[in-house]
Amino acid sequence: MPNGRTAIYPGTFDPVTNGHVDVIERAARVFERVVVAVADNASKDPLFSVPERVELLSAVTVGLENVSVTSFHGLSVDFARSNEATVLIRGLRAVSDFEYEFQMALMNRHLAPDVETVLIMTDAEKAFLSSSTVKEVARLGGNVHGLVPDEVEAALRAKRNEQPRG
């Protein structure tokens, strides 16, 4: 049952996977409002532009009435404060994610003690998914069906067809 709080789920989502969708759906059951925030982080060499990622996330969350999608640049805690959010959502896939997420949570607490980090573990069946792995499989012509929403699968296929063959 929602507790009246706004939660921000920041990430690059390049591309959004079924693991991300699982975390979004579960966060939507806990918080009154969830803002999925696409980070404008060019240092990660994204496949999809920020507007493309926002569009894909908007399409896959269309049935979740308390979820909105936008983009941001800068620190996620600053974005949270500007949206009057008190919680940052982070997804955990495996134990290997924990150390990084723990360090980020502590830094965010240092920067914004009023913003809590809540870690949501993805479903065990989706724990192996990562955006970078999905992109690599798609780039090499592998089957990503069932790993990403249908809209994302079609967008990956379209991106692959756009790339020059050499």
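Start with serine 130. Serine 130 is buried, at a relative accessible area of 11%. Buried here means under 20% relative accessible area, exposed means over 50%, and partly exposed is in between, with a 1.4 Å probe and protein chains only. Where does serine 130 sit? Its place is the loop between E5 and H5. Setting aside neighbours within four places in sequence, serine 130 is in contact with Thr17 and Arg93. Contact means heavy atoms within 4.5 Å.

Two notes on provenance. This is a predicted model: local features need pLDDT of at least 70, side-chain atom pairs count only at pLDDT 80 or more, and totals for chains, interfaces and linings use all residues. Residues are numbered from 1 along each chain as its sequence is written, and side-chain values use heavy atoms, with hydrogens and water left out.

Now the overall picture. The protein chain has six helices and five strands. Both are DSSP runs numbered from the N terminus: helices are H or I with at least four residues, strands are E with at least two. From the N terminus on, the order is β-α-β-α-β-α-β-α-β-α-α. The radius of gyration is 16 Å, close to the 15 Å that the globule rule gives for 166 residues, so the chain is as compact as a globular protein of that length. The radius is taken over C-alpha atoms, and the rule is 2.2 Å times the number of residues to the power 0.38. Of the 166 residues, 43% count as buried.

Next, the sheet. It is open, with five strands in the order E3-E2-E1-E4-E5 and parallel pairing. Two strands pair if DSSP finds at least two bridges between them. The edges are strand E3 (67–72) and strand E5 (116–121), each pairing on one side only. Neighbouring strands are turned by 30° against each other on average, direction ignored. Axes are lines fitted to C-alpha atoms, for helices over the stretch in contact, and angles run from 0 to 180 degrees between N-to-C directions.

Which helix packs on the sheet and touches E1, E2, E3, E4 and E5? That is helix H1, residues 18–30, and its direction makes about 120° with that of E5. Helix H4, residues 95–111, lies across E4 and E5, running at about 170° to E4. Strand E4 (residues 87–92) and E5 pair in the parallel sense over six bridges. In that pairing, isoleucine 89 stands opposite valine 118 in E5.

The largest nonpolar core has 33 residues, and Val36, Leu57, Ile89 and Leu156 have the most contacts inside it. Such a core is a set of buried Ala, Val, Leu, Ile, Met, Phe, Trp, Tyr and Cys residues joined through side-chain atoms within 4.5 Å. Apart from it lies another core, of twelve residues, among them Val35, Phe79, Leu88 and Ala112. Beyond neighbours within four places in sequence, valine 36 contacts several residues, including Tyr9, Phe13 and Leu57.

Last, aromatics. The structure holds three aromatic pairs. In one of them, the rings of tyrosine 9 and phenylalanine 13 have centres 5.1 Å apart and planes at 85°, so the pair is edge-to-face. Rings of Phe, Tyr and Trp (its six-membered ring) pair if their centres lie within 6.5 Å; planes under 30 degrees apart are stacked, over 60 edge-to-face, the rest tilted. Tyrosine 9 is buried at 4%, and phenylalanine 13 is buried at 3%.
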